[in-house]
Amino acid sequence: MLSSQLIRQWWTGSSHAQLLHAEHRLLTSLVKSPFRKPSASQDVASPSREKTNEYISTNINFVEFVAPSQVAGLPTVILAHGFGSGLGFFYRNIDDLLNSGKLLHDGNIFQPGEDVWLVGHSLGGYLAARYAIRMKQLQHKNNATTKGPILSKLVLASPVGFQPPPSVHERIPNSSLPPAFRIVDALWSSNLTPQALIRAMGSTRGRNAIKRALHGRIPHLNKSASQDGPDSMSELDLLANYLYHVTVAPASGEYAMNSLLEPAASEAGAGVYAREPLGSGTMTAGLLRKVNTQQSPLKSLKVIFGDHDWMRFNETAARRECESIRSNCKIAASVHIIPNAGHHLYLDNADSFVNHILDDG
């Protein structure tokens, strides 16, 4: 086990400590606000509270940002990233959210009775919605019942999963699919993830592939270093370095992709669908059960897509589901389109993304 770990680290040029260092460098370079971080990162960062880390004992990788002038009674905002991403991807949103006076977590550390706004992107949005449906009251060890986190607002940013997959009769048979799609389907069915392909490339080719893909998906990232000096890095370099270490880290949650999602093609087009979709009344029924048993404190559900977002094929199903939720669950549910934004709307149009989180409409 140790030998295989050492070989992987040698081949990829990455380790857990290097991942934490890349995360720390990204956040301290591009976010002004101080944060707290788990004790596992002590080997790469100073424990000073001034723009670096204060350490908390936990096994969950999360970051807690504290507003400079926190307003009592305001909720904690939880940001849940999508598949293949990491908590550092929200760096353009953190300071603006904190300036509203809110405490900000990038993880799943909740306190009983804590008022929470949960924001999930892509697969993180799907999982956030499933959490809202299935969340139950917590039990103390002495069996006394207490409230869990009070989830009052749910924001699903470019979520997967509202549009049900095509039926068996609607799907194009594999034999009639283009070769590229058949390859994707075969790799997906074999649980061969994009991360596994990058690991196989090794350090140099893997890093170059990540940087090219990131620049292609988010071309507006700044390619010039903000400071002079041999160690200075551009926004693109910081994010690419961080994403590379996230990608080649030991496989874990990436294997959930095949269990939760599936690619499918029909005459209407090709896409990635949830095996258990949120649309067609599923989310409505789940929330309605909680409303009827007085277990749902949810007051607001907001679904947002970018105007050129490849996940926007979920928009019609999301609008139908939100209309059903408004009618049956008496929860303010709505769908919004962010201009000048694709799937990574939190980076493409950060101001609008933050405004949609903070606004009640």
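## Before we start

Residues are numbered from 1 along each chain as its sequence is written, and side-chain values use heavy atoms, with hydrogens and water left out. Since the model is predicted, local features need pLDDT of at least 70 and side-chain atom pairs count only at pLDDT 80 or more, while totals for chains, interfaces and linings use all residues.

## Helix H8

Let's begin with H8, which covers residues 235-248. Helices (H or I, at least four residues) and strands (E, at least two) are DSSP runs, numbered from the N terminus. H8 has 14 residues and spans 20 Å from its first C-alpha to its last, close to the 20 Å expected at 1.5 Å a residue; that expected span is 1.5 Å times one less than the number of residues.

How many of the 14 residues of H8 are buried? The count is 11, so H8 is largely enclosed by the rest of the structure. Here buried means under 20% relative accessible area, exposed means over 50%, and partly exposed is in between (1.4 Å probe, protein chains only). Among the buried residues of H8 are Glu235, Leu239, Tyr242 and His245.

## Salt bridges

The structure has 8 salt bridges, each one a side-chain nitrogen of Lys or Arg within 4 Å of a carboxyl oxygen of Asp or Glu. One of them joins arginine 92 and glutamate 235, at 2.7 Å from N to O. Arginine 92 lies in helix H3 and glutamate 235 in helix H8, so this pair ties together parts that are 143 residues apart in sequence. Arginine 92 is partly exposed, with a relative accessible area of 26%, while glutamate 235 is buried at 11%.

Lysine 211 belongs to helix H7 (residues 203-217) and aspartate 237 to H8, so the link is between parts 26 residues apart in sequence. Both ends are partly exposed: aspartate 237 has a relative accessible area of 25%, and lysine 211 has 34%.

Elsewhere, glutamate 315 bridges to arginine 312, with the closest N and O atoms 2.6 Å apart. Glutamate 315 is buried at 13%, whereas arginine 312 is partly exposed at 29%.

## Aromatic rings

There are 6 aromatic pairs. Rings of Phe, Tyr and Trp (its six-membered ring) pair if their centres lie within 6.5 Å, and planes under 30 degrees apart count as stacked, over 60 as edge-to-face and the rest as tilted. Phenylalanine 89 and tyrosine 242 make a tilted pair, 6.2 Å centre to centre with 45° between the planes. Phenylalanine 89 sits in the loop between strand E4 (76-80) and helix H3 (91-98), and tyrosine 242 in H8, so the pair connects parts 153 residues apart in sequence. Both residues are buried.

Ring pairs also link Phe90, Tyr346 and Phe353 into a cluster. Then there's lysine 153, which lies over the face of tryptophan 117 at 4.0 Å from the ring centre; that takes NZ of Lys or CZ of Arg within 6 Å of the ring centre and within 35 degrees of the ring normal.

## A surface patch

Ile7, Trp10 and Trp11 form a nonpolar surface patch, with about 400 Å² of accessible area together. Patches are made of residues with over 30% relative accessible area and no salt bridge; like charges are joined within 9 Å, and nonpolar side chains (Val, Leu, Ile, Met, Phe, Trp, Tyr) within 5 Å. Areas come from the Shrake-Rupley method with a 1.4 Å probe; for residues, only the protein chains shown count as cover. Isoleucine 7 is in helix H1 (residues 2-12) and is exposed at 53% relative accessible area.
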